[in-house]
Amino acid sequence: MARAAGSEEDMHHIDIPETHTEPLASILNNLRLERCGTGRYRGQNLVQITGKVYGGQVLGQATMAAADDVQRSLGIGEDERLAHSITAAFQRAGHLDEPIEFQVEEINDLRSFSTRNVTAYQGDRLIFTARVSFQLRQPGPTLASPMPDVPGPEGLASSVDFFGAMDNVYAKVMSSTNGIDMRRVEGDIYLRPDPSGSPRQHLWLRARSPMPAGTSRTLQRAMLGYSADQFMLEPALRALGLAWLSRGISVATLDHAIWWHRNFDMSEWILAEMKCVSAQNGRALVNAKFFQDGRHIASMSQEGMVRVPLPALN
């Protein structure tokens, strides 16, 4: 398929529609990687109060890099072979002041499937690896998990309102840079643990402003991966009686796998049904299903480091 003509800058970056509404505009620009040669891409970093690169950013960028390589290698449109899975490992923390260099390696391009390996470096430091698989759209038998019956997002406390009402540096950064509105059915655990100790959580999410016209299904999938990394380990914190501000807590993503089942729109509400299935040796594993309009759109598993001084667990 012929590629549309554009400016010299456009030809050297992955094609992503623009919006002027922040903070979504900055997120989309961050996913608009620079093309640096065959299978090579460069990305910048979003502001983070932690001083480290946000894992969801790298996962989203890797998804876009792999998809762009498939499209350019096969000469096809951006949604002809959609990413159906990614298995990612975070090797080292990334530094905010260094760009990330992505290298995409072709594993195969078969009749129905394509597979790419993605590695991400800062200088000579490997910080991230992933395998991304793509499939041609094909008919087949259908089966899906039912969407759980929980209260809708209307009336639930919004993360946007929570951080917007607080007067400290952390809250101001979160309010101005986080492009996702999150609403937890069981209540948030930003400041205080969940007294129930339940390993389950239900969370509604959507982009704070509508995705721009022309948004591809590939970009929607990258945005879901970008969004989920910030809350996937929360069921583990709930089960362990922890909050994000628990004294001495240290949380980081180790591995993250996503299976995209059906198309969706990040402009509309998505429900995440989540459960911590194990915690041991300073690690925790959480499984999740994602739903929109009654449809099972994606599944995820994430293992992360959850470390805390032992007295905090008593």
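Select Phe-162, Phe-163, Tyr-170 and Tyr-190: these residues form one aromatic cluster. Rings of Phe, Tyr and Trp (its six-membered ring) count as a pair if their centres lie within 6.5 Å. The model is predicted, so local features need pLDDT of at least 70 and side-chain atom pairs count only at pLDDT 80 or more, while totals for chains, interfaces and linings use all residues. Residues are numbered from 1 along each chain as its sequence is written, and side-chain values use heavy atoms, with hydrogens and water left out.

**A pair of Phe rings**

How many aromatic pairs does a search of the whole structure find? The search finds 6. Select Phe-90 and Phe-128 next: their rings form an edge-to-face pair, 5.2 Å centre to centre, with 70° between the planes. By definition, planes over 60 degrees apart are edge-to-face, those under 30 are stacked and the rest are tilted. Phe-90 belongs to strand S3 (residues 81-90) and Phe-128 to strand S6 (residues 125-136), so the pair links parts of the chain that are 38 residues apart. Strands (E, at least two residues) and helices (H or I, at least four) are DSSP runs, numbered from the N terminus.

Are Phe-90 and Phe-128 buried or exposed? Both are buried. Buried means under 20% relative accessible area, exposed means over 50%, and partly exposed is in between (1.4 Å probe, protein chains only).

Now colour residues 40-43, which are strand S2, and residues 100-109, which are strand S4. The two run antiparallel and are joined by 4 bridges; strands pair if DSSP finds at least two bridges between them. Pick Tyr-41 and look across to S4, where Phe-102 stands opposite.

Select Glu-101, whose bridge partner in S5 is Tyr-121. Then select the 3 residues between S4 and S5, two strands that form a hairpin.

**The whole chain**

Zoom out to show the 7 helices and 12 strands of the protein chain. The C-alpha trace spans about 60 × 45 × 40 Å along its principal axes. The radius of gyration, taken over C-alpha atoms, is 19 Å; this agrees with a compact globule of 314 residues, which would have a value near 20 Å. That rule is 2.2 Å times the number of residues to the power 0.38.

Of the 314 residues, 49% count as buried. Switch to a surface view: the accessible surface comes to about 14700 Å², of which 51% belongs to carbon and sulfur atoms (Shrake-Rupley method, 1.4 Å probe; for residues, only the protein chains shown count as cover).
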